[in-house]
Amino acid sequence: MAALSLAFSNQVWRGRAAPIAAPAQPTGWPQLDAVLPAGGWPDAALTEILIPADGVGELQLLMPTLARLAQTERPVLLIAPPYAPCVAGWRARGVDMAHVEIVAADEQRTLWAMEQALRAGCCSAVLAWPRQIEERQLRRLQVAADSGRALAFVFRDRRHAAQTSPAALRIEIETQPAQLRVRKCRGGPVPAQPIAFEWD
Amino acid sequence: MLWACISLPHLALDGVLRQRAGTQAPLVLMDGPQRARALMDVNEPASRAGLRAGQPLTAARALLAHFEAVPFDAGEVEHWHRFLAAVAYRYSSEVALLPNAIVLEVGHSRTLFGPWPELAQRLREDLAQLGFRHRLAAAPAPHAARALAEHADGSAILDAKDLRAGLSHLPVMRSGLPDAMATTLMEMGLRTLGQVLAAPREGLRRRFGNELPQVLDRLTGAAPDGLARYRPPDHFAQRIEFEPEIENLSALLFPLRRLIGDLAAYLSGRDGGVQRFTIELEHRANDSTRVQVGLLEPLRDAEALFEFSRGRLEAQRSGAPVRALRVLADELPPFVPSGRDLFDRRPAHALSMTQLRERLRARLGDRALYQLHDTLDPRPERAQDNRISAFRLEGKAGRDDEAALDEILPRPTWLLERPIPLRGAAPELIAGPERLETGWWDGAPVRRDYYVAQTSQGQRAWIFCAAGQRGPWMLHGWFA
């Protein structure tokens, strides 16, 4: 009784429950998950991936995520990819191509198509490779990803790293040595050290 | 049995008016021989100017200098009449056409659409949206419903017992009896239907022959109604003409919306959907542009159909002036409404994947969305194929795991459409070779050694050279 009355009179510090929420969208790269504030991709938000050239592991970075999302009801959309996805290669990495749809769009309509796909709310992730994209357009994509509760990934050249961006997460892939550098992450400090990226 | 009657007093004029976007100019419908044209019906602005149905055209011209006179077209009226019957078919399987009216049996539809006042409300909404003025009534017999509708809009006799009593106060002149008979009855002093029904049958028969008793029996439901039941047609075709011609695409959108709305109304009447239809733009000199709209699955929602038609029409960009717009639909497959899962985790306003696909296709082209599947060919160029995205995601297609070929090296994630020479410094070979020697049977033989290599920029490439050699290198994919 005495303990109870103490508890009710707010004289006992009860401690705080640690947030144990599982990350909503783990990247599948434990070292990367560890440094990201959300414990994975920022959910329903735009992620920018900055690359020096094609073929540096930019898809490998997403493969665990795509393999996981391909198990869900909502398909993954690729908007105007620069090359054809190799079915055998994707399947070997666990992605069922029956859940991946490709949209052929010209340069001007890539962003329109991406925004529509994000806003529609029926895709789990939308990937695009726009050649030119302005901050205002990135912001639109960010808003669309939020309203459609989808993951948005934009692949851009590394030289755009200096440009400001409304994306929730910006990751740069470096090749020599192979590592990931988080350029911006919403909701937490930017990790100072790059993360080793052993992708093959 | 409960029959509803939709009386359409201005059927011909409404059919003309609905093709003009909310016109405020006086317009009349005229008919009659060339020398003695008379007005059949007038619209609201014309009526305000003093024009009346029945006036000779010359008298009308004296009253109002400028108005549009549209000749009466019996074929057109017939078309609208049948179109509305198709709309009414949504509520009943028994629909029949009467002059300027449609009757439908609604007694059996009550469990589905609620009691008569609710159904009447639905009918009124449908008709108002389609732009047809109407009068509604219900009675246990179709001819009685017709007579009631002519007499008082909105009246209803729901019980067969009350039918005779309900009809008795109708004036003879407006009870649907043939005009000559009604006039004679009036001259005999029988002014209401009640008096006629109470008159001795034998006397009426002697005076009018067998016709009058039969008409009376049909009116009271004592005899079969003798109406041919309407069957909806298996195709949809509707046309709007423009005067003057339309050159601007945006001006076509209003009539297009109207036509698509009619198509949707017709489809819900049939409980069907449409998957493929044609929009035809007629130009001068028998020239026309046909825009095919092909959908991934049958649809019937007016808004969606309009959106997808509009996208395709805008992609057309034919500058020629348009004289008429036509929508044709021949294939009308059954429509299966899509359900949503109660535990669906998508946001509430989410479109279905099909809607998204249609929206993208409407703007980007019919072949813009595709999926990849693999074939049984081991040559990388032919190992995969496009397939237009369809309604449902298909399960495993092509090769399955057991049949997977022995691939020694991993396959890349990006595949170049055709191999290109690898330029720059000699790459550092990481793995390989994997020899591919196949295709001798169809004239495109392949003898290659594939390697995984790293370029000076740190890219991981999938390259090959002729079997047994070390270069020149061809780039075929990226391990992205």
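## Basis and conventions

This is a predicted model, in which local features need pLDDT of at least 70 and side-chain atom pairs count only at pLDDT 80 or more, whereas totals for chains, interfaces and linings use all residues. Residues are numbered from 1 along each chain as its sequence is written, chains are lettered from A and ligands numbered from 1 in the order in which they are written, and side-chain values use heavy atoms, with hydrogens and water left out.

Helices (H or I, at least four residues) and strands (E, at least two) are DSSP runs, numbered from the N terminus.

## Confidence

The model scores ipTM 0.85 and pTM 0.65. In terms of pLDDT (the predictor's confidence in each residue, from 0 to 100), chain A has a mean of 87, with 90% of its residues at 70 or more. Within chain A, confidence is lowest in helix α1 (residues 2-8), at a mean of 65, and highest in β5(A), at 95.

Chain B averages a pLDDT of 84, and 92% of the residues score at least 70. Here strand β13 (residues 384-388) of chain B has the lowest confidence, at a mean of 78, while strand β1 (residues 3-7) of chain B has the highest, at 92. Over residues 391-404 of chain B the pLDDT is below 50, although this stretch has 27 contacts in the model beyond near neighbours in sequence, a contact meaning heavy atoms within 4.5 Å. Where pLDDT is low, the predicted coordinates should not be read in detail.

## The interface of chains A and B

In the model, 44 residues of chain B are in contact with 53 residues of chain A. The area buried between chain B and chain A is about 4,200 Å², of which carbon and sulfur atoms give 59%; buried area is the accessible area (1.4 Å probe) that two parts lose on being put together, summed over both.

Across this interface the rule finds 19 residue pairs in polar contact, both residues being at pLDDT 80 or more. A polar contact is a pair of N or O atoms within 3.5 Å, where within protein one must be able to donate a hydrogen and the other to accept it, and residues adjacent in sequence count only if both atoms are side-chain atoms. The elements that give two or more residues to the side of chain B that touches chain A are α15 (353-364), β12 (369-374) and β14 (414-421) of chain B, and α15(B) gives the most, with 7 residues. By class, that side of chain B has 20 nonpolar, 12 polar and 12 charged residues.

## Salt bridges

A salt bridge is taken as a side-chain nitrogen of Lys or Arg within 4 Å of a carboxyl oxygen of Asp or Glu. By this rule there are 44 salt bridges over all chains, and 2 are found across the interface of chain B and chain A. Arg91(A) and Asp374(B) meet through their side chains in a salt bridge at 2.3 Å, N to O.

Glu48(A) forms a salt bridge with Arg170(A), with the closest N and O atoms 3.1 Å apart. Because Glu48(A) lies in strand β1 (residues 46-51) of chain A and Arg170(A) in strand β7 (residues 169-174) of chain A, the pair ties together parts that are 122 residues apart in sequence.

## Strand pairing

Two strands pair if DSSP finds at least two bridges between them. An open sheet of 10 strands has the order β9(A)-β8(A)-β7(A)-β1(A)-β6(A)-β5(A)-β2(A)-β4(A)-β12(B)-β13(B), with mixed pairing; its edge strands are β9 (195-196) of chain A and β13 of chain B, each of which pairs on one side only. Strand β4 (residues 100-103) of chain A and β12(B) pair in the antiparallel sense over 2 bridges, and Leu369(B) is the bridge partner of Val103(A). Strands β5 (residues 125-128) and β6 (residues 151-157) of chain A run parallel and are joined by 4 bridges, with Leu127(A) partnered by Phe153(A).

β3(A) and β14(B) run antiparallel, joined by 2 bridges, and Pro85(A) stands opposite Trp414(B) in β14(B). β14(B) also pairs in the antiparallel sense with strand β18 (residues 474-478) of chain B over 4 bridges, where Gly477(B) is the bridge partner of Leu415(B).

Key:
Nonpolar A, V, L, I, M, F, W, Y, C, P; charged D, E, K, R; others polar.
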